[in-house]
Each structure stands twice: as C-alpha cells, then as structure tokens.
Amino acid sequence: MTATTYARTSASATRELRRRKARSRTGDAIVLATVAVVLAAMVFPFAWMVMTAFRPADEMFDLNRILPDHFTVHGFQQLFAGSSFGRYVLNSAIVALAAMIIAVFISCLTGYAFSRFEFRGKRVLMVVFIAVQLFPFVILITPLYLFFSELHLLNTYQGLILAYVGLVLPFATYLMMGYFNTVPKGLDEAARIDGCSTLGVLFRVIFPIAWPGVATVAINTFVMAWEEYLFAKVLMTDNQLKTVQVGLSDFFGEFTTQWDLVMCASVVASVPTVILFAIAQRRLVSGLATGSVKE
C-alpha cells in the first residue's frame with residue numbers, strides 16, 4: 001500500500017468516525033430534548049400549584065407573572081384556622097399508617113406461605129388473588145357499606161382501614177411471594193438448624209433481604225390509602241372523620257370555589273407522599289444492595 005493510498009484510507013476512516021459521532025450526538029440531543037419536555041410537562045403543574053399556594057389572593061389569576069411579587073402563608077393560616085383540614089390530615093395519617101402496617105404484616109405472612117409451603121388449593125387461591133384485581137373496586141362499595149353497617153363499622157377508623165387492607169392485600173401478597181421466591185431456600189434451612197422458628201426465619205432472615213418488596217408494598221398501601229376518595233366518602237360521613245381527599249373536595253362549592261384554599265390544601269396533601277418517596281428511594285437502593293445473595 002502506497003503512502004497516498006494509506007493517507008486516503010485514513011482520511012476516509014476519520015470522516016466516517018466524525019459522521020458517526022455527529023449522528024450519535026444528534027440522537028442523544030433528541031432523546032434529552034424529549035426527556036426534558038416530558039419532565040417539564042410533569043413538573044409544571046406541581047410547580048404551578050406550589051407557587052399559586054404562596055400567592056396573595058389578589059394575584060391568584062394573574063397569568064402574566066410566573067412568580068408572585070411577594071410570598072405569603074396567609075392561605076395556609078386560613079386553611080388550618082378557618083376549617084377542620086388539620087383534623088382531616090390527622091384522620092388520613094391514622095388510616096394510611098395503620099393500613100400500611102397491617103398490609104405489610106399480613107402480606108409477608110401470606111406471601112411467605114405461598115412461596116415456601118405446598119398445600120391443597122394453593123393454585124386456586126393464587127388464581128383467585130389475581131382474578132380479584134381484574135374487577136373494578138367500585139363494585140364493592142354497596143356490599144361493603146351494607147356489611148359494615150351491620151357490624152357498626154361505619155364512621156370508624158377500623159372500617160376504613162379494613163377496606164383499604166382488603167383492597168391492597170391480593171396485590172401485596174402476590175408481590176411479596178415473588179420477592180420471597182428470589183431468596184434461596186438454603187437460608188431457611190440454615191436458620192432452622194440454628195434454632196429459628198418459622199416466624200423467626202421470616203422476620204429475622206428473610207424479611208431484611210426482601211426489603212425492596214416490603215418497601216414497595218408499604219409505599220403502595222400508604223399512597224392508595226392517603227389518596228383514595230370514594231370509599232372514604234361513602235364509609236366516613238361524619239364531618240370529624242373525613243380524610244384529606246374528602247375534605248379537599250369541600251372547597252369546591254356549587255357556585256364558587258376557594259382556589260387559594262384549594263391550592264394550599266393540595267400542597268399539604270402532597271407533602272406526605274413526596275417525603276415518603278424521597279425516603280423510600282434511598283431505602284430501596286440500600287435494600288437491593290444488602291439483599292443480594294450469592295450461593
């Protein structure tokens with residue numbers, strides 16, 4: 001190969017490499033631009049809600065200003081001082097936390113049983129659990145109302161907690177079973193040799209390893225119980241027992257809507273879920289790292 005031919009080949013390869021880099025950069029730019037647009041569309045409503053909550057009432061509908069001239073917390077003061085919204089937050093916290101704890105505990109037991117033991121009717125029960133998720137939950141409103149009425153569970157924390165646990169338990173059980181299936185059964189046998197009971201094996205050995213599944217069930221249950229509206233509206237008619245979502249709907253009147261209070265209440269209602277996801281994100285990563293098992 002002559003020096004001229006070699007130079008031409010090298011120049012051609014260089015041009016091809018530059019074209020590939022240019023195409024790669026163009027593709028990356030398109031992907032980043034698409035992601036930026038999607039993120040902006042997702043974040044903008046929340047950001048606008050937060051900014052509007054801190055606007056003065058006379059600037060509520062001033063669309064020419066992205067940021068208010070001065071921030072105020074008057075809307076939040078009026079929200080808690082002039083209404084029972086603080087009580088609604090407490091009601092939702094009680095119901096959501098109790099439903100989360102109960103759902104995690106029961107789903108761990110049932111998921112472990114389905115993962116580790118063979119018993120008659122196991123496949124049928126799993127099919128039933130999956131089939132239950134195919135039906136809309138709204139069809140349960142009337143039966144639950146009549147059932148809870150007979151048991152005197154209307155307008156009680158216990159009734160709403162039982163309803164939420166029942167709604168989330170099939171999915172939670174199936175999810176926990178999947179996580180327990182990824183844990184080697186050799187750990188169970190080693191723990192039993194060391195003298196652990198079945199519950200000891202579950203909560204001392206398996207539970208920490210399956211932490212990502214536990215966190216997922218906990219988050220799903222809490223968010224569902226915190227944000228659910230229909231069951232809380234039907235089963236909790238006492239004004240002092242309303243939840244956040246039901247209380248939030250009270251600010252929408254037939255002829256007028258208190259938009260300043262709606263925005264402030266929406267911000268307050270969003271805080272627990274935002275904090276929960278911020279905390280759980282780190283827990284999930286650490287759980288995945290500590291839950292890795294090598295045999």
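## Pocket and helix packing

Helix α9 gives the largest share of the lining of the largest pocket, 5 residues. This is a predicted model, in which local features need pLDDT of at least 70 and side-chain atom pairs count only at pLDDT 80 or more, while totals for chains, interfaces and linings use all residues. Residues are numbered from 1 along each chain as its sequence is written, and side-chain values use heavy atoms, with hydrogens and water left out.

The largest pocket holds about 170 Å³ of space. The elements that give two or more residues to its lining are α3 (85-116), α9 (211-227) and α12 (259-290). In total, 12 residues line the largest pocket, and M100, W211, A215, A218 and L276 lie nearest its centre. By class, the lining has 11 nonpolar residues, no polar and 1 charged. Here Ala, Val, Leu, Ile, Met, Phe, Trp, Tyr, Cys and Pro count as nonpolar, Asp, Glu, Lys and Arg as charged, and the others, Gly among them, as polar. A pocket is an open set of points on a 1 Å grid over the protein atoms alone where a 1.4 Å probe fits, with protein on both sides within 12 Å along at least five of seven lines; lining residues have an atom within 4 Å of a point. The volume is the space filled by probe spheres set on the points, which are joined across faces, edges and corners.

Two packed helices are described by the angle between their axes and the distance between the axes. Axes are lines fitted to C-alpha atoms over the stretch in contact, and angles run from 0 to 180 degrees between N-to-C directions. Helices are DSSP runs (H or I, at least four residues), numbered from the N terminus.

| Helix pair | Angle | Axis distance |
|---|---|---|
| α3 and α9 | roughly 145 degrees | within 8 Å |
| α3 and α6 (157-181) | about 35 degrees | 6 Å |
| α7 (185-193) and α8 (198-209) | about 135 degrees | 10 Å |

The contact of α3 with α9 (heavy atoms within 4.5 Å) includes M100 in α3 and A218 in α9. Its residues divide into 15 nonpolar, 3 polar and no charged.
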